[in-house]
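Hi everyone, thanks for making time for this. Let me put the structure up on the screen, and then we can walk through it together.

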Amino acid sequence: MMRLLKLIVALGLVVALLIPAGMALSVVLADVDIKPMSCPNPLNVNSKGVLPVAILGGELWDVTEVNPATVELEGVAPWGWALEDVAGPGCSGPDGYLDLTLKFKTQEIVDELGGVNDGDAVFLYLTGNLFGGAPFGGSDEVWIIKKT
Ligand SMILES: [Ca+2]
Ligand SMILES: [Ca+2]
């Protein structure tokens with residue numbers, strides 16, 4: 001399922017999947033901003049710190065409907081989250097729409113990346129569910145900093 005979600009997110013599509021009961025289940029595309037207010041997004045793979053990630057809210061996206069306990073970045077669960085307006089689309093500042101901010105331990109994310117090189121551009125995929133159960137996903141790109 002994780003791989004399928006990644007594929008869907010990579011294609012940037014909102015698709016409907018048919019489940020055996022014949023009911024439609026839609027995967028919604030979320031606007032994910034790694035390191036809100038920072039563009040691009042450097043990721044120091046030796047950092048012992050945290051990686052902040054925001055799911056940006058908007059007119060059609062009420063992030064209070066997101067169940068934070070279901071959110072994973074590269075399969076890693078966050079250790080904390082909050083609802084606050086920290087950024088807007090396209091690397092802009094607070095836009096009046098509430099965002100869901102999540103904090104991930106950088107080393108837990110790095111462990112999932114496997115081999116990366118200094119200067120690589122890597123997409124990180126975020127998945128989760130709304131309280132109503134509907135799955136969603138999104139991604140953002142980081143720039144690998146690997147100092148030896
Ligand atoms: Ca960013
Ligand atoms: Ca916002």
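Let's start with contacts along the protein chain: taking those with a separation of 6 or more, 63% are between residues 24 or more positions apart. Please keep in mind that this is a predicted model.

How many helices and strands does the protein chain have? The secondary structure comes to two helices and ten strands. If you read from the N terminus, the order of elements is α-β-β-β-β-β-β-β-β-α-β-β. As for burial, the chain has 148 residues, and 26% of them are buried.

Now, please look at one sheet with me. This is an open sheet of four strands, in the order E3-E5-E8-E7, and the pairing is antiparallel. Which strands sit at its edges? Those are E3, covering 32–34, and E7, covering 80–84, and each of them pairs on one side only. On average, neighbouring strands here are turned by 25 degrees against each other, ignoring direction.

Let's zoom in on E5 and E8. Strand E5 spans residues 50–55, strand E8 spans residues 99–105, and the two run antiparallel with six bridges joining them.

Note on methods: Residues numbered from 1 in each chain as written. Chains lettered and ligands numbered in written order. Predicted model: local features only at pLDDT ≥ 70, side-chain atom pairs only at ≥ 80, totals over all residues. Pairing = 2+ DSSP bridges. Axes fitted to C-alpha atoms, helices over the stretch in contact; angles between N-to-C directions. Buried ≥ 20, exposed ≤ 12 C-beta atoms within 10 Å, placed from the backbone. Contact = placed C-beta atoms within 7 Å.
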